[in-house]
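Keep the model in view and try each task before you read its solution.

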Amino acid sequence: MRKLRTLILFLFALALAGCSERPKLLLLNWGEYINEEAVELFEKEYGIDVIINIADSNEMFYSKIVSGTTVYDLAIPSEYIIEKMIQKDLLQKFDFSKLTNYDREENPFLPGVEGILSSMGEGFADYAVPYFWGTFGLMYNKKKAGLEEAIRGYGWDAFFNPALLPAGTRVGMYDVPRFAYAAALFASGLSPNLESDEALRTAEAKLKSVKFTEWGTDTLKKGIAANNLDLAFVYTGDFLDMLYIKLETNRLEDITFDIYIPEETIAFMDCFIIPKKARHVDAAHLFVDFFLRPEIAYLNASVVGYCTPLRASYEMITSYAGDDPWLSSWAYANRKYYPLPEEGAEKQFSGTPLSNLDKNFLRKINIMVNNVKAG
């Protein structure tokens with residue numbers, strides 16, 4: 001399924017950089033978040049070598065771009081940290097005359113993507129081109145007796161109340177303080193974007209109510225799929241990534257894990273951005289335009305697990321009616337976990353996007369979560 005260059009290959013590429021005359025494009029991305037086959041097709045078509053570096057949180061994206069130690073040509077962070085980068089004048093606007101496939105009428109984004117774009121600040125779309133989008137949910141182990149009933153019956157209440165879960169349930173929390181704070185506020189019936197000491201105390205009490213077996217990132221989805229963990233707050237796309245891996249050798253009905261997406265949860269959209277100091281701006285535009293091709297977005301989504309932003313690509317996925325069991329399951333999963341909004345629905349996407357909080361309050365969140373983790 002999803003593959004990225006390992007650290008060894010990354011260092012090897014850097015070592016060769018001075019020896020090659022081919023143009024370079026330096027991309028900062030999440031781990032396991034791009035189809036290497038699509039990258040290779042871009043390299044072959046344009047004669048540009050793509051070097052990928054990894055960040056494991058939005059805060060790391062921000063610190064890497066602020067530091068300027070490495071000058072990235074492109075990055076793919078989430079909307080709330082992009083908002084902060086715009087405010088800090090760290091980004092440059094896209095030249096949309098160079099993006100031949102960026103056409104919101106002829107090559108439209110999905111309604112949910114448009115909905116999130118419209119919820120962002122004025123001018124956001126000048127700096128950000130959608131890459132993937134989705135929600136967070138509660139991924140659970142179907143082999144744990146009584147767990148599915150508890151999660152689907154009580155949702156957030158069960159996640160933060162061990163008394164509502166089967167005895168011995170192993171629970172994981174996503175190891176990003178901003179996400180943990182949001183989850184605790186959702187469970188308290190509050191907005192994830194509150195900035196007050198009262199909200200902080202509420203979130204702390206909620207997080208302390210659970211003795212988490214693990215604070216992790218990609219390890220959470222893998223732990224549940226391997227029956228080493230029972231329940232975790234994860235990206236819906238992380239769940240789907242593991243689902244697609246299992247579907248390569250298993251039938252859909254034999255999968256031992258699932259995800260429950262609460263009505264109120266994090267909605268997110270990761271976007272291409274061009275840092276202010278980028279050196280290879282034309283190459284960056286070529287790369288973004290390449291991934292806006294519906295067939296390339298389709299290919300990219302086929303291994304990443306998150307939802308394509310493009311309606312044409314989504315329809316290519318969900319309209320499959322052939323005999324291939326994997327493609328049929330992929331179509332089913334997109335329809336089930338990334339459904340289109342009902343016609344006329346006031347809100348075009350599920351969940352709530354995170355806002356860019358004040359840096360001093362973010363520091364308080366980090367301290368609070370670290371105290372919770374320390375016990």
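**Exercise 1.** In which crossing, left-handed or right-handed, does α3 pass α4?

*Solution.* The model is predicted, so local features need pLDDT of at least 70, side-chain atom pairs count only at pLDDT 80 or more, and totals for chains, interfaces and linings use all residues. Residues are numbered from 1 along each chain as its sequence is written, and side-chain values use heavy atoms, leaving out hydrogens and water.

Step 1: find helix α3 at residues 58-67 and helix α4 at residues 79-87 (helices are DSSP runs of H or I with at least four residues, strands are E runs of at least two, numbered from the N terminus).

Step 2: α3 passes α4 in a right-handed crossing (the near helix is turned clockwise from the far one by less than a right angle).

**Exercise 2.** Describe how α3 and α4 pack, and explain the term for their directions.

*Solution.* Step 1: the packing angle is about 25°, and the axes are 9 Å apart (axes are lines fitted to C-alpha atoms over the stretch in contact, and angles run from 0 to 180 degrees between N-to-C directions).

Step 1: α3 and α4 are therefore roughly parallel to each other (angles under 35 degrees).

**Exercise 3.** List the residues where α3 meets α4, then sort them by class.

*Solution.* Step 1: from α3, Asn58, Glu59, Phe61, Tyr62 and Ile65 meet Tyr80, Ile81, Lys84 and Met85 of α4 (contact means heavy atoms within 4.5 Å).

Step 1: this contact has six nonpolar, one polar and two charged residues (Ala, Val, Leu, Ile, Met, Phe, Trp, Tyr, Cys and Pro are nonpolar, Asp, Glu, Lys and Arg charged, and the others, Gly among them, polar).

Note on methods:
Parallel < 35°, antiparallel > 145°, perpendicular 65-115°, else oblique.
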